[in-house]
Amino acid sequence: MAALAGRGAQVGQRLLCRIPPKVSPTWYSSSFFSSFSVPATKLFIDGKFVESKTTEWIDIHNPATNEVVGRVPKATQSEMEAAVTSCKKALRNWSETSVLSRQQILLRYQQLIKDNLKEVAKLITLEQGKTLADAEGDVFRGLQVVEHACSVTSLMLGETLPSITKDMDTYTFRMPLGVCAGIAPFNFPAMIPLWMFPMAMVCGNTFLMKPSERVPGALMFLAKLLQDAGAPDGTLNIIHGQHEAVNFICDHPDIKAISFVGSNQAGEYIYERGSRNGKRVQSNMGAKNHGVVMPDANKENTLNQLVGAAFGAAGQRCMALSTAVLVGEAKKWLPELVERAKNLRVNAGDQPGADLGPLITPQAKERVCHLIESGVKEGAALLLDGRDIKVKGYERGNFVGPTILAKVQPSMTCYKEEIFGPVLVVLEADTLDEAIEIVNRNPYGNGTAIFTTNGATARKYSHLVDVGQVGVNVPIPVPLPMFSFTGSRASFRGDTNFYGKQGVQFYTQLKTIISQWKEEDATVTKPAVVMPTMGN
């Protein structure tokens with residue numbers, strides 16, 4: 001027993017050491033009762049980090065080691081109800097708070113995120129596995145949305161048209177919807193939530209957030225920073241869970257809109273169920289993003305761009321460039337592409353020099369390896385195989401090295417399914433028209449890129465390809481937040497996209513006012529120049 005107790009204390013100390021020391025995580029329980037006890041993520045309800053009363057918990061694993069580094073509760077029905085009640089209670093005052101006051105809170109918030117960016121990134125690497133540099137980029141791209149939300153005084157401007165007829169004017173306001181909710185994925189623990197609640201809140205809504213149960217730490221830190229920036233209690237609430245929490249959000253009558261990013265299976269379900277219950281839903285889902293390489297492209301730049309976009313973040317990006325279409329003589333570049341991919345360093349995300357880290361779970365690794373094997377069985381050429389990679393000191397991690405499958409056909413499973421791992425599938429085309437046909441036959445429409453030095457080729461591709469976001473010599477064309485994220489076709493469900501002007505439109509309702517004040521009703525016919533008195 002003494003040995004067991006000693007071992008438990010050592011485990012607790014190791015786990016505590018993995019939490020960045022500057023974080024001071026108020027959302028974790030501090031008690032360690034046994035060798036199986038780990039920090040417990042709290043709920044954030046009505047401005048307080050509270051311990052859940054649930055009896056059901058989900059383990060949080062470090063993907064590089066598969067050690068349990070925390071646990072997250074499946075919030076109870078009463079806890080989820082309390083979170084919505086808090087949102088609803090805070091809504092009246094928050095929606096009536098001046099837009100300038102809301103803007104000031106966001107201005108303070110963006111500075112606090114900048115000041116703590118590296119600490120948030122450490123939490124992301126611990127729970128999600130991506131490299132520290134990539135985790136910092138995760139936070140930074142979310143920060144850019146917060147910065148853009150600070151321009152709310154321009155974004156929420158209405159429209160006016162005077163003198164529609166005599167003495168009659170028409171004007172519009174953008175009004176908040178009410179209580180909104182967000183459901184975020186595991187692959188961008190900071191960026192995706194920051195696409196959601198800052199835009200919604202600055203427009204005057206209150207927000208209920210459900211992060212991925214695998215990576216709650218970054219959002220909890222961001223919630224504390226928002227509180228420190230002066231956001232009133234109840235304007236943001238956070239629950240944790242899985243299917244029950246998703247159904248709760250889709251069904252609750254007080255929730256008016258849902259933002260979701262994740263898989264097609266979950267996204268279609270949330271869109272259908274939420275819409276059926278009368279909610280606005282925006283659902284960003286899966287992708288199969290093609291990079292079309294023309295023979296006149298800048299070879300050095302193109303090969304580096306392909307490798308970075310295909311294998312960065314271990315391929316766990318909805319905008320990963322997971323498919324290359326080599327046109328004409330560009331097919332001869334394959335050996336050099338393989339050599340560049342071989343040189344990428346696979347390691348735990350917190351290790352210096354790591355280019356890509358592990359996949360999120362052993363199940364994700366198994367699925368990726370299965371799809372690679374299916375490609376081989378269906379006739380693809382395996383030019384680089386990362387399935388058996390061993391990372392010294394992290395033998396239990398969920399690592400898959402860069403993998404390249406060539407001679408892939410559109411009928412193959414490895415092409416039809418989103419692999420979501422460090423795997424590049426390579427197709428060939430004789431002409432640009434054939435490449436466009438390949439891309440347009442694929443059901444997804446998130447992003448694509450063309451690599452060329454010919455402006456006419458780039459313009460033709462950009463106009464004819466049926467994809468929502470197109471990069472010209474830009475491998476991952478994610479728009480900055482003054483624009484909107486415009487994935488299309490099977491990659492998106494809903495009418496209005498994330499952030500930018502469309503984000504403001506999603507989180508607001510137009511109110512139109514038609515006003516008539518007849519000129520003959522004016523009572524003051526000449527200026528009053530005498531001192532006013534109570535009797536006048």
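Reader: What makes strand E10 and strand E11 a pair, and in which sense do they run?

Author: In this predicted model, strand E10 (residues 255-261) and strand E11 are joined over five bridges in the parallel sense. Two strands pair if at least two bridges are found between them, and E10 and E11 have five. One of the positions concerned is Ala 257, whose bridge partner in E11 is Arg 280.

Reader: Why is strand E11 called mostly covered?

Author: Strand E11 covers residues 280-284, and four of its five residues are buried. Buried here means under 20% relative accessible area.

Reader: Which strands form the open sheet, and in what order?

Author: The open sheet has three strands in the order E5-E6-E22, with antiparallel pairing. Strand E5 (160-165) and strand E22 (508-516) each have a single partner strand, so they stand at the edges and one side of each is left without a neighbour in the sheet. From one strand to the next, the twist averages 30 degrees.

Reader: How do you know that E5 pairs with strand E6?

Author: Three bridges join E5 to E6 (residues 168-176), and these strands run antiparallel. The criterion is at least two bridges, so E5 and E6 count as paired. Within this pairing, Leu 161 stands opposite Thr 170 in E6.

Reader: Why does Asn 473 count as partly exposed?

Author: Asn 473 has 30% relative accessibility. Buried would require under 20% and exposed over 50%, so a residue in between is partly exposed. Asn 473 lies in the loop between strand E19 (470-472) and strand E20 (488-489). Its phi is also positive, near 60 degrees, in a residue other than glycine.

Reader: Why are helices H11 and H12 called oblique to each other?

Author: Helix H11 (residues 299-311) and helix H12 (residues 334-342) pack at an angle of about 50 degrees, with their axes 10 Å apart. Roughly parallel would need an angle under 35 degrees, and roughly perpendicular one of 65 to 115; H11 and H12 are therefore oblique. H11 passes H12 in a right-handed crossing.

Reader: Which residues meet where H11 contacts H12?

Author: Among them, Leu 303, Val 307 and Phe 311 belong to H11, while Leu 337 and Arg 340 belong to H12. The residues of this contact divide into six nonpolar, one polar and four charged.

Methods:
Residues numbered from 1 in each chain as written. Predicted model: local features only at pLDDT ≥ 70, side-chain atom pairs only at ≥ 80, totals over all residues. Heavy atoms only, no water. Axes fitted to C-alpha atoms, helices over the stretch in contact; angles between N-to-C directions. Helix = DSSP H or I, 4+ residues; strand = E, 2+ residues; numbered from the N terminus. Parallel < 35°, antiparallel > 145°, perpendicular 65-115°, else oblique. Left-handed = near helix turned anticlockwise from the far one by under 90°. Contact = heavy atoms within 4.5 Å. Nonpolar A, V, L, I, M, F, W, Y, C, P; charged D, E, K, R; others polar. Buried < 20%, exposed > 50% of the residue type's maximum accessible area, 1.4 Å probe, protein only.
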